[in-house]
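Please consider the model below, beginning with the chain as a whole and then turning to one part of it.

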Amino acid sequence: MTGTNNKTRNKIISLELLKPILDAARVEGRKIVQCHGVFDLLHIGHIRHFNEARSLGDILVVTLTADKFVNKGPFRPAFPEDVRAECLADLESVDYVAINRSSSAEETIRFLRPDFYVKGSDYKDAGKDVTGGILREREAVEAGGGVLHFTSDITHSSSHLINRHFSRHSDETQLYLSELASRYTPDRVFEYLEKLRALKVLIVGEAIIDEYQYATALGKSAKDPILAVKLLHSEKFAGGVLAVANNLANFCEAPTVLSLLGDRDSQEDLIQRSLHPDIKPIFLRRKDSPTVLKRRIIDHYSFTKMISLYDWNDSPLDQEDDRALCKALSAQIENHDIVLVVDYGHSMMTSSAVEILCRRARFLAVNAQSNAGNIGYQSVSKYPRADLVCIASQELRQEIRNRVDPVEDLVKDLHQKCDYENIIITHGKMGALYQDKSGPRFTAPALADRVTDRIGGGDAFLSVAAPAVAAHVPPDLVCFLGNAVAAQAVATVGHRESINKASL
């Protein structure tokens with residue numbers, strides 16, 4: 001902390017060193033007050049908040065959310081934890097500042113046992129806290145004999161100030177967001193999201209295990225013209241339809257996922273550990289097959305994917321497995337409001353299964369993806385009817401066999417070709433386009449500025465967009481919500497984290 005004075009520096013302390021200091025003060029009869037938050041942009045509202053908090057007791061402790069736990073959207077925190085700590089410690093009203101090393105405040109509250117735990121008045125209505133954190137914090141405070149207190153002064157939001165005055169979005173995107181905000185209040189958006197909760201969703205498609213093997217380059221082989229690498233470590237994710245289900249389970253209650261696993265190398269232990277606890281899994285076994293595995297060799301320094309290795313049975317599904325799939329579909333399909341098909345083109349979605357889906361699903365949403373294993377053979381038009389089709393722009397171009405014309409024109413061609421009520425086209429940094437059969441077209445710019453890994457972005461978009469369309473959320477808001485979760489998905493590696501309502 002170059003440039004800080006000793007008084008400020010001495011206020012910044014670890015939780016482990018802070019606890020005995022507070023315990024000794026408590027023995028002396030002094031009252032401990034704790035405030036907690038991100039405090040990303042210090043402003044007059046914070047200063048008044050701390051002054052009122054300090055008046056409640058003898059020692060004011062401010063605990064800060066660590067950088068890795070800040071869940072405020074893209075580009076946050078705006079200031080790293082050491083800078084935020086220094087700003088707080090420089091305030092006369094603050095006695096100690098500590099970085100919270102857990103994802104929530106409850107553990108730290110129980111550790112420090114403050115006499116007063118102080119929050120702003122905007123937290124007084126617990127029903128508006130989408131995380132449910134304020135109720136857990138109250139429980140932790142009262143368990144230690146303390147009191148939860150709400151300050152009464154005017155409130156300001158660091159997030160609002162940063163988003164409005166320090167946005168890293170382009171002027172075009174900022175204008176789009178301002179116009180959207182003029183049409184929808186946050187409460188209105190939350191109301192639409194809440195409508196998704198009651199939907200019963202059946203998710204159908206291939207389970208895929210995404211394995212990342214991180215390596216460092218050793219150089220050219222001495223005898224062959226190949227690159228030699230040293231394996232450092234690896235990690236596996238539950239991908240494909242499993243990732244879609246995990247995302248969706250945070251918005252819709254108890255979705256069902258129907259998929260095929262291999263009868264060997266099933267990876268079922270990993271899958272069961274990775275699934276959201278509310279998901280109802282129906283796993284069929286495909287004979288003489290592994291669960292689809294996609295292994296990627298990645299340079300650990302640059303995160304450049306060097307090569308992919310696929311392990312799956314690319315032959316057609318045999319008749320017995322096909323009958324088992326169709327039987328399971330028939331048993332489940334009418335019990336659900338939405339059937340969401342994620343077709344990765346690895347033989348699961350047979351013509352007989354497609355026929356059942358198109359004929360019997362109340363609301364059918366389809367995503368048919370192209371990849372290295374199916375390009376030139378995968379076609380969304382094998383589904384002759386759908387209430388929603390959501391595909392990437394390159395998949396649309398392959399479907400229409402057109403590389404040059406504007407996407408807007410190709411969407412019209414797809415509407416003419418197939419009986420689709422709604423079509424959403426995602427096209428990377430260009431954002432998304434929504435077109436129904438007869439209504440106006442809606443476009444929305446991409447919201448991602450930090451792209452760590454593109455895998456999972458389209459799946460995340462689909463996870464929110466499909467139930468939103470079924471719930472009659474306005475098309476412009478569907479595109480915004482889809483782009484928002486896609487931006488979060490591409491900011492993380494693989495499927496390490498699912499999208500959830502609180503982060504959205």
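The paragraphs that follow treat the overall fold and then a group of neighbouring strands.

The model is predicted. Its chain contains 17 helices and 18 strands. A compact globule of 504 residues would have a radius of gyration near 23 Å, and the chain, at 26 Å, therefore agrees with that expectation. Along the principal axes, the C-alpha atoms occupy a box of roughly 80 × 65 × 45 Å.

Of the 504 residues, 52% count as buried, that is, under 20% relative accessible area. The contacts reach across the sequence: among those between residues at least 6 apart, 73% join residues at least 24 apart. The accessible surface amounts to about 24,000 Å², and carbon and sulfur atoms account for 50% of that area. As for charge, the chain carries 61 positive and 67 negative charges, whose mean positions lie 1 Å apart.

Strand 16 pairs with strand 15 (residues 385-392) in the parallel sense over 7 bridges. Within this pairing, Cys-390 has Ile-424 of strand 16 as its bridge partner.

Strand 16 also pairs with strand 17 (residues 432-436), here in the antiparallel sense and over 5 bridges. Strands 16 and 17 form a hairpin with 5 residues between them. In the turn of this hairpin, Gly-428 has a positive phi of about 50°.

Note on methods. Residues are numbered from 1 along each chain as its sequence is written. This is a predicted model: local features need pLDDT of at least 70, side-chain atom pairs count only at pLDDT 80 or more; totals for chains, interfaces and linings use all residues. Side-chain values use heavy atoms; hydrogens and water are left out. Helices (H or I, at least four residues) and strands (E, at least two) are DSSP runs, numbered from the N terminus. The radius of gyration is taken over C-alpha atoms; the globule rule is 2.2 Å times the number of residues to the power 0.38. Buried means under 20% relative accessible area, exposed over 50%, partly exposed in between (1.4 Å probe, protein chains only). Contact means heavy atoms within 4.5 Å. Accessible areas come from the Shrake-Rupley method with a 1.4 Å probe; for residues, only the protein chains shown count as cover. Lys and Arg count as positive and Asp and Glu as negative; His and the chain ends are not counted. The place of a charge is taken as NZ of Lys, CZ of Arg, CG of Asp or CD of Glu. Two strands pair if DSSP finds at least two bridges between them.
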